[in-house]
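Q: Hi! Could you walk me through the structure below, charged side chains included?

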Amino acid sequence: MAMKIRSAKEIKTLSSVLCSGVHLNERHVHEFKLGALELERARRARERQSAIRRIKDIDARLAE
C-alpha cells in the first residue's frame, strides 16, 4: 500500500483544531492558557526588576 502524500492544506495546526471547537471546553486547554499567561507575567516581572535595577544604577552614577 502506497503512502498518500499530504499537502499543507491537510495538515492540522493547533489553531485549526482550537478554532473548530473540538477542544474549546476541555480543561487542559484552559490550564495551558493560564500557564502561558503566568509564564508571561513572570517574564515581564523579571524584565521590570531588571529595568528598575538599571535605573537605580544610572541614578547612582549621576549622583556621584
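Here is a short chat about this predicted model.

Q: Before we start, what kind of model is this, and how are residues numbered?
A: It is a predicted model, in which local features need pLDDT of at least 70 and side-chain atom pairs count only at pLDDT 80 or more, while totals for chains, interfaces and linings use all residues. Residues are numbered from 1 along each chain as its sequence is written, and side-chain values use heavy atoms, with hydrogens and water left out.

Q: Great. How many helices and strands does the chain have?
A: There are two helices and zero strands. Both terms refer to DSSP runs numbered from the N terminus: H or I with at least four residues for helices, E with at least two for strands.

Q: And how much of the chain is buried?
A: Buried residues account for 3% of the 64 residues. Here buried means under 20% relative accessible area, exposed means over 50%, and partly exposed is in between (1.4 Å probe, protein chains only).

Q: Okay, on to charges. How many salt bridges turn up?
A: A search of the whole structure gives four. A salt bridge is a side-chain nitrogen of Lys or Arg within 4 Å of a carboxyl oxygen of Asp or Glu.

Q: Why would such side chains pair at all?
A: Side chains of opposite charge can pair when their charged atoms come close.

Q: Which residues are linked in a network?
A: Salt bridges link Glu 40, Arg 43, Arg 44 and Glu 47.

Q: Nice, what does Glu 40 pair with?
A: One partner is Arg 43, with the closest N and O atoms 2.5 Å apart. Glu 40 also bridges to Arg 44, where that distance is 2.9 Å.

Q: Where do Glu 40 and Arg 43 lie?
A: Both are in helix α2 (residues 27-63), three residues apart, about one turn of the helix. Glu 40 and Arg 44 are four residues apart in helix α2, so about one helical turn separates them.

Q: And how does Glu 47 join in?
A: Glu 47 forms a salt bridge with Arg 44, the closest N and O atoms being 3.1 Å apart. Those two are three residues apart in helix α2, again about one turn.

Q: How accessible are Glu 40, Arg 43 and Glu 47?
A: Glu 40 is partly exposed at 29%, Arg 43 is partly exposed at 36%, and Glu 47 is partly exposed at 41%.

Q: Is Arg 27 buried or exposed?
A: Arg 27, which is found in helix α2, counts as exposed at 65% relative accessibility.
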